[in-house]
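Trainee: Could you pick one part of this model and go through it closely with me? I'd like to hear how the inside is put together.

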Amino acid sequence: MIKIFILTILLATFTNAQNLKDGFYSVRTDKTYFFYYPTTTMTVKNGEIVAVTHDRTKLDGKKASEDEDYNKNMLENRGVNAEIYSKKLVEEYFAANKNLDKVENIAGATDSSRHFKSQMRFLIEKAQTKGPGNYIMKNYDL
């Protein structure tokens, strides 16, 4: 019985990985948060997620994680900033074997943690159904 259970788990894991279409995926919200759009990217290779980024970006490509004033102010007010949480969320995702339910919210960046998880679920769904692309997600779907 245990062998069947383990085989079922392995088969489900393998099947889910194979359902992801290779390519580059990105998503941003349709509205800004503090003048930046929550943005997540994902690269799938051989049916597996191999790279992920998360940040807040402006339409001109400027990233919150690279904005010195934004990061300084956020760090002073929240004890964390975009430079920190952008890296930490992705690191935790891979450390949790790509299980979003095991990625902890970051104190001081709860909204950003929630945005990352919602956007990753969105991108995974797109990788299973539509394929690579640059997507826009409604704010109310976060």
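Mentor: Let's start with glycine 23, which stands opposite valine 44 in S2. Strands here are DSSP runs of E with at least two residues, helices are runs of H or I with at least four, and both are numbered from the N terminus. Bear in mind that this is a predicted model, with residues numbered from 1 along each chain as its sequence is written, local features needing pLDDT of at least 70, and side-chain atom pairs counting only at pLDDT 80 or more. Totals for chains, interfaces and linings use all residues, while side-chain values use heavy atoms, with hydrogens and water left out.

S1 and S2 run antiparallel and are joined by 6 bridges; two strands pair if DSSP finds at least two bridges between them. The open sheet has 4 strands in the order S3-S2-S1-S4, with mixed pairing. S3 and S4 are at the edges with a single partner strand each, so one side of each has no neighbour in the sheet.

Now the core. The largest nonpolar core has 31 residues, and Met42, Ile49, Tyr85, Tyr93 and Met120 touch the most other members. Such a core is a set of buried Ala, Val, Leu, Ile, Met, Phe, Trp, Tyr and Cys residues joined through side-chain atoms within 4.5 Å; buried means under 20% relative accessible area, exposed over 50%, and partly exposed in between, with a 1.4 Å probe and protein chains only. Among the elements that each supply at least two core residues are S1 (23-29), S2 (37-45), S3 (48-57) and S4 (133-137), along with H4 (110-129). H4 gives the most, with 6 residues.

Take Tyr85 next. Leaving aside neighbours within four places in sequence, tyrosine 85 is in contact (heavy atoms within 4.5 Å) with residues including His54, Tyr70, Met74 and Ser112. Tyr85 also belongs to the meeting of two helices: Tyr70, Asn71, Met74 and Leu75 in H2 meet Ala82, Glu83, Ile84 and Tyr85 in H3.

Leucine 100 sits in the loop between H3 and H4, and counts as buried because its relative accessibility is 8%. Not counting residues up to four places away in sequence, leucine 100 touches Tyr93, Phe116, Lys117, Met120, Arg121 and Ile124.
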